[in-house]
Amino acid sequence: MIKVGPHWDIVRAPADLGERALELLGDTSGAVIADYGLMYWFIPSGHAQHWERLHHGIHALGAHGAEVTYVGVPPATWTQGPRLHWRTPASDGRYLTDPHRLRLALARALAEPAEEATAR
């Protein structure tokens, strides 16, 4: 478990929305952790406190106020689920996700489920 906030914040989303958002982000997504139906994106520290709520299942977690949050971070070799694993491994140049792009991708995933997008 690693403390969220000092170096990065986290956006947590249900896996169904997260998979669609990951598809929409493509190569612009940073590292993503998956764990039993949830996905976690790393965003720059301090951005969670400004994150506007999109959906009851999507949360931005950071070190704002008295709240302390921790996230499980798997070893680099854990790349298969369903337990804690890297959905998109961290690497040079692929660590943080732009919070604005992530928000747009998650909003689009909410508005346009994958079935509708593939039907076009």
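With which residue does the side chain of R87 meet in a salt bridge, and what is the N to O distance?

Author: This is a predicted model, and what follows should be read as a description of that prediction. In it, the side chain of R87 meets that of E19 in a salt bridge, with 2.8 Å from N to O. Because R87 lies in strand β7 (residues 85-88) whereas E19 belongs to helix α1, the pair ties together parts of the chain that are 68 residues apart in sequence. Both partners fall in the intermediate class of accessibility: R87 counts as partly exposed at 34% relative accessibility, and E19 is likewise partly exposed, with a relative accessible area of 33%.

This pair is one of 4 salt bridges that the model contains by the distance rule applied here. Side chains of opposite charge can pair when their charged atoms come close. Since R20 and E23 are 3 residues apart in helix α1, about one helical turn separates them.

E112 is itself buried, with a relative accessible area of 11%. Through shared partners, salt bridges join R20, E23, R108 and E112 into one network.

Two packed helices are described by the angle between their axes and the distance between the axes. For helix α1 (residues 15-25) and helix α2 (residues 99-111), the axes come within 8 Å and cross at roughly 125°. Angles from 65 to 115 degrees would count as roughly perpendicular and those over 145 as roughly antiparallel, so α1 and α2 are oblique to each other. The crossing in which α1 passes α2 is right-handed. The buried residues of α1 are L17, G18, R20, A21, L22 and L25, and the helix is followed by G26, which has a positive phi near 55°.

Elsewhere on the model, the surface carries a nonpolar patch formed by M1, V68 and Y70, which together have about 370 Å² of accessible area. Of these residues, V68 is found in the loop between β5 (59-61) and β6 (70-71), and V68 is partly exposed, with a relative accessible area of 48%. Y70, by contrast, has its place in strand β6, where it counts as partly exposed at 47% relative accessibility. The C-alpha atom of Y70 is separated by 8.9 Å from that of G5, although the two residues are 65 residues apart along the chain.

Notes
Residues numbered from 1 in each chain as written. Predicted model: local features only at pLDDT ≥ 70, side-chain atom pairs only at ≥ 80, totals over all residues. Heavy atoms only, no water. Patch = residues over 30% accessible without salt bridge, like charges linked within 9 Å, V, L, I, M, F, W, Y side chains within 5 Å. Areas by Shrake-Rupley, 256 points an atom, 1.4 Å probe, with all protein chains shown as cover. Helix = DSSP H or I, 4+ residues; strand = E, 2+ residues; numbered from the N terminus. Buried < 20%, exposed > 50% of the residue type's maximum accessible area, 1.4 Å probe, protein only. Axes fitted to C-alpha atoms, helices over the stretch in contact; angles between N-to-C directions. Parallel < 35°, antiparallel > 145°, perpendicular 65-115°, else oblique. Left-handed = near helix turned anticlockwise from the far one by under 90°.
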